[in-house]
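The sequence and structure come first.

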Amino acid sequence: MSERQSNGSGSNQNQPNSPNRKPNKKRVSFYWIYAILAALLIGLQIFGKETMPTEDITQGKLKELLKSEEIYKIELVNKEDAEIFLNEKGLKKNFPEVTPNKEGSTSTPSYTYKIGSLDRFEEMVEEAQQEVSNPVYIENVHRKSWASDFLIGWLPFIILIAVWIIIMRSMGRGVGGGGGQIFNIGKSKAQLYDKDNVPVNVTFKDVAGLEEAKVEIMEIVDFLKNPAKYTKLGGKIPKGVLLVGPPGTGKTLLAKSVAGEANVPFFSISGSDFVEMFVGVGASRVRDLFKNAKEKSPCIIFIDEIDAIGRARGKNPMNGGNDERESTLNQLLTEMDGFGTNSGVIVLAATNRADILDKALMRAGRFDRQIYVELPDLIGRKEIFEVHMRNLKLGPDVDRDFLAKQTPGFSGADIANVCNEAALMAARKEKDQIEKQDFLDAIDRIIGGLEKKNKIITADEKKVIAFHEAGHATTSWLLQYAHPLVKVTIVPRGKSLGAAWYLPEERQITTKEQMYHEMIATLGGRAAEQVVFGQISTGALSDLEKVTKQAYAMVTYYGLNEEIGNLSYYDSTGQQEYSLTKPYSEKTAEIIDKEISKMVEQAYQEAVTILTEHIDGLTQLANKLIDKEVIFGEDLEIIFGKRPWTKAEEPEKPAITATAEDAVIVYEDTNKE
C-alpha cells in the first residue's frame, strides 16, 4: 500500500497546481479577434454614416416650397435621394428654432425626398417653378459610404480568410501533432514520458509473473544506467528488443517498467500512428521520432503493435511496391540501422504476430533479441493476483493460491478483469468486503458469460440439455487423459444453453492418446443424445467445430496420422495466407478428409459405447442435473466412484460445494443452427 501511495504522489506533478509543472504560455484567444472585428463593423455603421434629416417631404409639400421660393438648393445624391436645403425664408417659416448660416441656409438638409423616376422628378421641379423668377436647379452629387463599401468590397475576403484559418486549425488539431498545425503533420505523435514531462512510475515491482522475461531484459536497464561498463570492454548492447507473446500478457507493461527502472526518457507510440491518408507521412514521422530520441539519449523508443507497419513486404499481391506502409517500414529499417552503436537509443517493440514480420526487421543489428512473454504459470498467476489485490478490501476466506489454481490459461489482463469483476459483484450485493464466492462468480462470468436464468426453455429442451451435459461429464470422468470435471450447469450463460467446467492439466506437450480422449469427451454430449433419445440436435455445434479443428490439426500439423505419416503442412511464416493453392495435392486432400472423418467417427462411436455401458449412471447424473441445475465433481464421484488415474502424490481435492474449484470452459454448447 505504501508503494502505491508513493507512486500516486508522483503523478501529482501533472496537476495544475503542482510547483514542478512548467507554466503555460499565454495564448491569444481567437474569440477576442472576432469581438474586435464585430465592434469595428458596428462602429463603421454608426460613425461612418452621414447625418440625415429625420423628416421626409411629400411631393405636394415640395411643390409648395418651390413655388414660394423657400428652397435654397436641391442635391440629388447618387440619383436616388433628393436632399432639400431651405433658405432663410423657408427656415423662418418651417423651422424657426434653427439659425441659418452665413449663406442663409444650413449645412444639413431639412427634408429628403425619395425619387422613383429621375426624369419625372426633373419634370416636376421644372413645372413647379414655371412662374418663379429665380428657379432652383437640381445639383447631382456622388457620395460614398465607407461602411457599405467595406462590407461589399472587403468583408467577403475577410470571411474567406477566417474560414481558411479555422479549417487549418481544426486539421492541425486532428492530424498535425507537434505544434498542432497542418504543417506539422509529419511530426512524430509519440508520447514522451520523463521526469520533466510525464514521469514513469511503473517498475519491475508492478510486473508479476514474468520472471524469465524480466531477467533477460535487466541487461537493457543495466546498460542505460551504466553504459560505460559495456562500452569500455568493446561490448555492444542490442539495438532492438522484440517482445512477443499472446494478448494481455503484459508486453507494454514490461516495456514501461524498463523505462521506470532505468529512469530515462521513454517514447511510446503505436504502429498505426505512423500511417495516415497522406503519402509519405509515415516515413516523416519515423525520421522525426528518431531525431527526437537522439536529442534525449539515452532513451527508449517503444513501438506497440509493430506488425501494423512491420508486416513482411511483397506478401500481399493486392498492394504495389509504393504502398505507404512499406515506405514507412523502409524508413524504420534505415533509422534502426543508421544511428550509432553507442548512441544510447534502444528500440523496444511488442507484437503477438511475430511470424508475419519482415525478415529484414528481425535481422541482427535491428531487433537482435526476441523475448517471449508467455502466459503465466501457477506461481505467476498468484503473483499477479497479489498485484491486483493491493487496493481491494478482501474477506478472510480469499486464498490467492486457490484462485491461481482456478485460472489456468488466464493472462495478466484476464486476472485483472477477474479482480475488477469480483469487486463489482460484491458492490452490487452491498457487501463490505470481497469474498471468495465473488471471485468464483467473476471467473464464471468471464469464462461463460452472464447467467440468463429467465431464459424460456421448455421441459423437453431442458431434458436434452441435461443429458447432453451429463454425457460430457460421464465420458470425461471415465477416460484417463480427459480433463477432470469441476462443475456442470444447465443454466444458460451467454450464447450457451449449458456448460461444463474442467480443470485442464498444465502440460507443455500432448500425446496422440491425450488428444484422442479429449475428442471422445467432447463428442460425449451428442453421443448421449443418440443413446438416450435415439436422435441428435443442433446443440453440439461448438463441440463439432472444436473436434473438427482438433482432428485437422492432428492429421495435417502434428503428424499424428498413420496414413499421412510424419508430414506437417503447417506454415509458420504466414506466406500460405496469401497463397491461392494448398501445399498438398488433390489426392492428399482426399486422404486428409477421409482420415479426419474416420478419426471423428471412431471417437464418436467410442463415446456411444462408453455411455451405453454406463447408461444408469448417465441417467442418474442427468436427473440430478435437472433437479439441481448445477452439479459438481463430488456428484460424479458418488455415482461412478473415484477416478483410478488420479496421481497418488497429488493431494486430494476438498469436497466440491457451491464455492468449488472452477476453471476453464472446455465444452460450450450453443443453440446455433
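## Basis

Helices (H or I, at least four residues) and strands (E, at least two) are DSSP runs, numbered from the N terminus. The model is predicted: local features need pLDDT of at least 70, side-chain atom pairs count only at pLDDT 80 or more, and totals for chains, interfaces and linings use all residues. Residues are numbered from 1 along each chain as its sequence is written, and side-chain values use heavy atoms, with hydrogens and water left out.

## Helix 25

Helix 25 spans residues 633–640, and G633, D635, L636 and F640 are buried in it (under 20% relative accessible area, with exposed over 50% and partly exposed in between; 1.4 Å probe, protein chains only). These residues lie on the same side of helix 25, because they cover an arc of only 155° around the axis, taken from the directions from the helix axis to the C-beta atoms.

The buried residues of helix 25 pack against helix 19 (459–478), strand 11 (485–489), helix 24 (615–628) and strand 13 (630–632); contact means heavy atoms within 4.5 Å. After helix 25 comes G641, with a positive phi near 85°.

An open sheet of 6 strands is ordered 5-7-8-9-6-10, with mixed pairing; two strands pair if DSSP finds at least two bridges between them. Strand 5 (191–193) and strand 10 (367–372) are the edge strands, each pairing on one side only.

Strand 5 runs antiparallel to strand 7 (residues 266–270), and 3 bridges join them. Q191 has S268 of strand 7 as its bridge partner.
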